[in-house]
Structure formats: C-alpha cells, structure tokens
Amino acid sequence: MNSKGEKLPILTRFLTLWIFLAMIFGIGLGYIYPEVANIIGSLSIGTTSIPIAIGLIWMMYPPLAKVRYEELKKIVTARGSKDMLILSIIQNWIIGPILMFLLACIFLADYPDFRTGVILIGLARCIAMVIVWNALAEGDNEWAAILVALNSVFQIAMYSILAYTFITILGSWIWGETFIVHVSIIDVAQSVAIYLGIPFFAGILTRFILLNKKGKEWYDNVFMPKLSPTSLFALLFTIIVMFSLKGEYIVALPLHVARIAIPLLLYFVIMFLVSFFLGWYFKLDYSRTTALSFTAASNNFELAIAVAVSVFGLASGEAFATVIGPLIEVPVMISLVNLAFWLRKKLYISRTIN
C-alpha cells in the first residue's frame, strides 16, 4: 500500500525481487557469455555506452515529466527552502566526498586501484537514478529535480578539481603515490548533458505540450499512470546491461567485490541517515527530507565509470570498482526506500500526534 492506502502495481510491489533477478541475469549473462561485454563496449561513442545511455535517459524521463515545473518558483521561495539548499550543498559537496575518501582509506588502503575507483564514485553526485528512488519513497519530485539540477552545475565545476585534490594531491601525501587524474570539465559536462539534459528537456516539453492540449486532469490521471511504469522497465534493462559488462569478473573475484562493497555500503547508509535526521531536525517535511536524503546518499555511477574507463582503461581495477558501485547501490537504495517509510512512521507521524 502507498501513503494513500492504494494497492501498488505488481511491478512496484515486487521491485526488489525484479531488481535482484535483473542483477543475477546480468551477471550470469556476462559470466556465461563474456563476449557480451565486447559487443556492448562496441556500441559506444567515446566513453558513452549507447545501451546504458538509452536505459538511463528513459529511466529518468517519466519522473521528470511528472515534475510540476510551473510551480517550481513557488516551491523554491517557500518557507524552509534556504535550509534545504544549504543542507544539500553541505551534504553533497563537503561531507559526501570526505566520508567516501576516509572509508576508502580505511578499508582499501592496500588496494590503490580499488581505492581510487571508490573515491571517484564518492565524488560523483547523483543526477540520474535518485529521481527513481525518491519517487518510490514518495519524496518531493519537484525538490528532487531542483537538487539534481544543483548537483549537475556543481559537478561540472567541481568534479575534476575534487578528483585531482583527493586522488592526486592527498593520495601522494598519504601514501607517497602519484596519480595524475585528468578529468576534463568537458567530459563531465557531456555526461550531465546526456544523462540529465536530454530527459530533463524531454520531460519539460512533454508536460507543457500535453497540459496545453489535454489538460491537467488527463495528464495526471491518464497519461502519467501509463508512462510512469516504463521508468522501472528502463531501470531493469539498465541493470542487466551494466552487470553483464563485468559478470565474469564479479563471479571470479568475489572477495574483491566484498572488499569494495564494505565502504560503499557504509557510505550509502551513513549519508542517508545523516541527511534524514538533519532534515527532520530542521523541521523539513517528510517529502523534502526524503528528497534531500536520496540526493545525498546516491551517486552518479555512470560518470564515475566513464571517468575510470577513460583515464585508467576498461580492464583496470579502478573501472572494476566503479562497476561494483551500482551492484551495491541498487539493492541498498531499495532497502532505504523501505527505511524511509519506517522513519516516516517513527519520526513524522509521532511528531504530528505530539
């Protein structure tokens, strides 16, 4: 049941199961048929995988078509908006990168390639799948879109600088290792334009064109219920493609997967809980707190993968670590969706009663 007491569609109700099955299918496909990775790799333009790009773009399109763009100005200027924006910037661009760096140093000190890959994940703030997780947890879609846009701007400006600072400067200072990580601002901008820009503008055009032609009631009650489920199909397709790329390595190197998984798991849970309790402490409502928490806890794994592949190569340990990112993030985020609902009962309903 959702918050309105309505029975959820079977695709949404058993989404965790479908995601695990998609992960298993993707890993199995990549393990049994290793040539699949070469086929998918050949369907690329530069460092952009066309199948993954199609899946991610379509996955984001329905949630972004649901955003009430005509009301964004009122939302941003509403009470509590300043706290929301400040908390998001602090969580995403100060606490998040530092936390992932520390976790990578603690758990991957003897694995410099995996450590670098995990740090790249921590620096890439989410601009894609967070829209889906937020929608599933009944977070504020408009605020999620605003925070994603804010992260996109900061990502273009800060990613290459942060990568050089944490990996090259701090890495050589702590371990005496020298890594020259060339992360072009143009490459980051390209990633943002593809994975956010295309579905963002498609969502805007869809909403305003159809609202003018068909009206709000038809759009909300007829069109969106048909369009929204396609986002989850795109999510499952993307998961299968991503995990098939490294299926052979994931099965062959389970201990390495577990070693990389530990700091990632801790990162996602810590970032979500810290953000949620900060939102609650500053008296943000549940929907905004949820949007804040998922945008802080999620990461832009497609950018991290693209950077790792372009800088270190497809067969590198850095690339392997970045691919493990979504392997851990997807089931953890589904669990955090359920945790968000539990926290709503414990923190928000009790606050209302009191």
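Tutor: Helices (H or I, at least four residues) and strands (E, at least two) are DSSP runs, numbered from the N terminus. The expected span of a helix is 1.5 Å times one less than its number of residues. The model is predicted: local features need pLDDT of at least 70, side-chain atom pairs count only at pLDDT 80 or more, and totals for chains, interfaces and linings use all residues. Residues are numbered from 1 along each chain as its sequence is written, and side-chain values use heavy atoms, with hydrogens and water left out.

Student: How many residues does helix H6 have, and what distance does it reach from its first C-alpha to its last?

Tutor: Helix H6 (residues 81-107) has 27 residues and reaches 37 Å, close to the 39 Å expected.

Student: Where does a kink lie in H6?

Tutor: The bend at a residue is the angle between axes fitted to the seven residues ending there and the seven starting there. In H6 a kink of about 40° lies at Ile-95, shortly before the proline Pro-97. In H13 a kink of about 30° lies at Ala-261, shortly before the proline Pro-263. Lys-283, which follows H13, has a positive phi near 65°.

Student: Which residues of H13 are buried?

Tutor: Buried means under 20% relative accessible area, exposed over 50%, and partly exposed in between (1.4 Å probe, protein chains only). The buried residues of H13 include Val-257, Ile-260, Leu-264, Phe-272 and Phe-276.

Student: Which residues touch the most other members of the largest nonpolar core?

Tutor: In soluble globular proteins, nonpolar side chains tend to be buried together. A nonpolar core is a set of buried Ala, Val, Leu, Ile, Met, Phe, Trp, Tyr and Cys residues joined through side-chain atoms within 4.5 Å. Here the largest core has 102 residues, and those touching the most other members are Ile-19, Trp-133, Leu-235, Leu-264, Phe-294, Ile-324 and Leu-327. Its largest share, 17 residues, comes from helix H16 (residues 317-353). A second, separate core has eight residues, among them Ala-65, Leu-210, Leu-211 and Leu-227.

Student: How many salt bridges does a search of the whole structure find?

Tutor: A salt bridge is a side-chain nitrogen of Lys or Arg within 4 Å of a carboxyl oxygen of Asp or Glu. The search finds three. In one of them, Arg-344 pairs with Glu-138, with the closest N and O atoms 3.3 Å apart. This pair links distant parts of the chain, 206 residues apart: Arg-344 lies in helix H16, and Glu-138 in the loop between helix H8 (130-136) and helix H9 (141-175). Glu-138 is partly exposed, at 22% relative accessibility. By contrast, Lys-216 and Asp-220, whose closest N and O atoms are 2.7 Å apart, both lie in helix H11 (residues 216-245), four residues apart, about one turn of the helix.

Student: How many aromatic pairs are there?

Tutor: Rings of Phe, Tyr and Trp (its six-membered ring) pair if their centres lie within 6.5 Å; planes under 30 degrees apart count as stacked, over 60 as edge-to-face and the rest as tilted. The count comes to 15. Phe-200 and Phe-201 form an edge-to-face pair, 5.4 Å centre to centre with 75° between the planes. The rings of Phe-276 and Tyr-348 have centres 6.1 Å apart and planes at 85°, so this pair is also edge-to-face. Phe-276 lies in helix H13 and Tyr-348 in helix H16, so the pair ties together parts 72 residues apart in sequence. Phe-276 is buried at 0% relative accessibility, and Tyr-348 is buried at 9%.
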